[in-house]
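Notebook open, viewer running. I want to go through this model piece by piece and jot down what I look up.

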Amino acid sequence: MTMLTPAHTALHTLARLNQVVSSSLDMDKVLREIAHAAATLMDAPFVHFFIADEATRTLASRAFSD
């Protein structure tokens, strides 16, 4: 059985993220994938994206890791 090193796991995560970003026009899907990749790469328990609306001066929750 071959064990992947952390570097291999990180490269695999980034390659998968690159594919999603390049092939999707769905911003929510892309942000979810970025959140998941960021959580994986930084070993973070949770990543959450908020989008700022300057016109209304509000923040909207758009994506988070699971």
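**Entry 1: a serine between helices.** I started with S24, which counts as buried at 16% relative accessibility. My scale for this: buried is under 20% relative accessible area, exposed is over 50%, and partly exposed is in between, with a 1.4 Å probe and protein chains only. S24 sits in the loop between α1 and α2. Helices here are DSSP runs of H or I with at least four residues, strands are runs of E with at least two, and both are numbered from the N terminus. I then looked at the side chain of S24 and found one of its polar atoms 3.1 Å from the backbone nitrogen of D26. Not counting residues up to four places away in sequence, S24 touches K29 and V30; contact means heavy atoms within 4.5 Å.

A note to myself on provenance: this is a predicted model, where local features need pLDDT of at least 70, side-chain atom pairs count only at pLDDT 80 or more, and totals for chains, interfaces and linings use all residues. Residues are numbered from 1 along each chain as its sequence is written, and side-chain values use heavy atoms, with hydrogens and water left out.

**Entry 2: salt bridges.** How many salt bridges does the structure hold? I found two, taking a salt bridge as a side-chain nitrogen of Lys or Arg within 4 Å of a carboxyl oxygen of Asp or Glu.

One pairs E33 with R16, at 2.7 Å from N to O. E33 belongs to helix α2 (residues 27–42) and R16 to helix α1 (residues 6–23), so this pair ties together parts that are 17 residues apart in sequence. I checked the cover too: E33 counts as buried at 17% relative accessibility, whereas R16 is partly exposed at 36%.

The side chains of D28 and R62 also meet in a salt bridge, again listed at 2.7 Å, N to O. This pair links distant parts of the chain, with D28 in helix α2 and R62 in strand β2 (residues 58–64), 34 residues apart. D28 is partly exposed at 26% relative accessibility, and R62 is partly exposed at 29%.

**Entry 3: between and on the helices.** Next I clicked on T13 in helix α1. Is T13 buried or exposed? It counts as buried, at 10% relative accessibility. Leaving aside neighbours within four places in sequence, T13 is in contact with A37, T40 and L41.

L11 lies in helix α1 and is exposed, with 57% relative accessibility.

Entry 4: Strand β1 (residues 48–53) runs antiparallel to β2, and six bridges join them; two strands pair if DSSP finds at least two bridges between them. D53 stands opposite T58 in β2. The two strands form a hairpin with four residues between them, and R57 in the turn has a positive phi of about 55 degrees. R57 is not a glycine, and at 78% relative accessibility it counts as exposed.

F50, in strand β1, is partly exposed at 47%. Outside four places in sequence, F50 is in contact with L59, A60 and S61.

Entry 5: I looked up D43 for its backbone: phi is positive, about 50 degrees, although D43 is not a glycine. This residue is in the loop between α2 and β1 and counts as exposed at 70% relative accessibility.

D66 is exposed at 80% relative accessibility. Which residues does D66 contact, leaving aside neighbours within four places in sequence? They are H36 and P45. I also took the C-alpha to C-alpha distance from D66 to A39: 8.9 Å in space, for residues 27 apart in sequence.

How values were computed:
A polar contact is a pair of N or O atoms within 3.5 Å; within protein, one must be able to donate a hydrogen and the other to accept it, and residues adjacent in sequence count only if both atoms are side-chain atoms.
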